Amino acid sequence: MSELRTNRIVPRDGLPSGSAGGIIQVRSTTKTDTFNMPSNDTNFHTVTGLSVTITPTRSDSKILVMYDMNWSTQNGHCSCRLMRDSTPIKVGDASGNKIQATGQIHHSGQNDQYDLEQVSGTHMDSPATTSAVTYSMQVGTPYSSSYDVYVNYHAEDGADLSWAGRGASTITVMEVSG
């Protein structure tokens, strides 16, 4: 004998207008390979393979973005930012020459080039569209073109050492009825 019990069923297109909180759709991507930012560059670069596209079904929907990225550097200040298409989101306010970033790491010269750091978090976005939207992570070294950024590995990777770890990074997005 089978039983199905529920307090309520939310339609695929979300809750009726005026209510909120129903999950309409979920998209996710996990990057398991590596990425190294181009050298001699101070621009931000999109991490290849770490982006996910979602097409909201309603223009009043919110998009819950959950992200984590393993990254490292062996020299200097490195920044990352969460992006919606070409727009940085979840970054700090502008203040003088400071970089508006989602996260930042710094190599201090005390063997931390062997460490994989993780930036992770959530952000509730309001894209106000029913067109496809792409969420991604960018990394950059705006302070100096001589710095390096590594995603999912670190500078000692080429030595093939048994203690040298590799990581994975993920972006998951959920359309939430507004």
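Q: Why is lysine 31 called buried?
A: In this predicted model, lysine 31 has a relative accessible area of 3%. Buried means under 20%, so lysine 31 is classed as buried.

Q: Where is lysine 31 found?
A: Lysine 31 belongs to strand 1, which covers residues 23-31.

Q: What makes the link between the side chains of lysine 31 and aspartate 33 a polar contact?
A: The two side chains are joined at 2.7 Å. A polar contact requires a pair of N or O atoms within 3.5 Å, and the value of 2.7 Å meets that limit. The side chain of lysine 31 also reaches the backbone oxygen of threonine 48, at 2.6 Å.

Q: Which residues does lysine 31 touch, not counting those up to four places away in sequence?
A: Lysine 31 touches Val47, Thr48, Gly49, Leu50, Asn152, Ala168 and Ser169.

Q: Why is asparagine 40 called exposed?
A: The relative accessible area of asparagine 40 is 63%. Exposed means over 50%; therefore asparagine 40 is exposed. Asparagine 40 lies in the loop between strand 2 (35-36) and strand 3 (44-54). Asparagine 40 and serine 146 are 106 residues apart in sequence, and their C-alpha atoms are 5.7 Å apart in space.

Q: How many aromatic pairs does a search of the whole structure find?
A: The search finds two aromatic pairs. One of them is formed by tyrosine 143 and tyrosine 147.

Q: What makes the pair of tyrosine 143 and tyrosine 147 stacked?
A: The ring centres are 6.3 Å apart, and the angle between the planes is 25°. Rings pair if their centres lie within 6.5 Å, and planes under 30 degrees apart count as stacked. The pair is therefore stacked.

Q: Are tyrosine 143 and tyrosine 147 buried or exposed?
A: Tyrosine 143 is exposed, at 64% relative accessible area, whereas tyrosine 147 is buried, at 15%.

Q: Why is the pair of tyrosine 150 and tyrosine 153 called edge-to-face?
A: The ring centres of tyrosine 150 and tyrosine 153 are 5.2 Å apart, with the planes at 75°. An angle over 60 degrees counts as edge-to-face, so this pair receives that name. Tyrosine 150 and tyrosine 153 are both buried.

Q: How do you know that the charged end of arginine 81 sits over the ring of phenylalanine 44?
A: The charged end of arginine 81 is 3.9 Å from the ring centre. The distance limit is 6 Å, and the position must also be within 35 degrees of the ring normal. Arginine 166 likewise lies over the face of tyrosine 153, at 5.9 Å from the ring centre.

Definitions and conventions. Residues are numbered from 1 along each chain as its sequence is written. This is a predicted model: local features need pLDDT of at least 70, side-chain atom pairs count only at pLDDT 80 or more; totals for chains, interfaces and linings use all residues. Side-chain values use heavy atoms; hydrogens and water are left out. Helices (H or I, at least four residues) and strands (E, at least two) are DSSP runs, numbered from the N terminus. Buried means under 20% relative accessible area, exposed over 50%, partly exposed in between (1.4 Å probe, protein chains only). A polar contact is a pair of N or O atoms within 3.5 Å; within protein, one must be able to donate a hydrogen and the other to accept it, and residues adjacent in sequence count only if both atoms are side-chain atoms. Contact means heavy atoms within 4.5 Å. Rings of Phe, Tyr and Trp (its six-membered ring) pair if their centres lie within 6.5 Å; planes under 30 degrees apart count as stacked, over 60 as edge-to-face and the rest as tilted.
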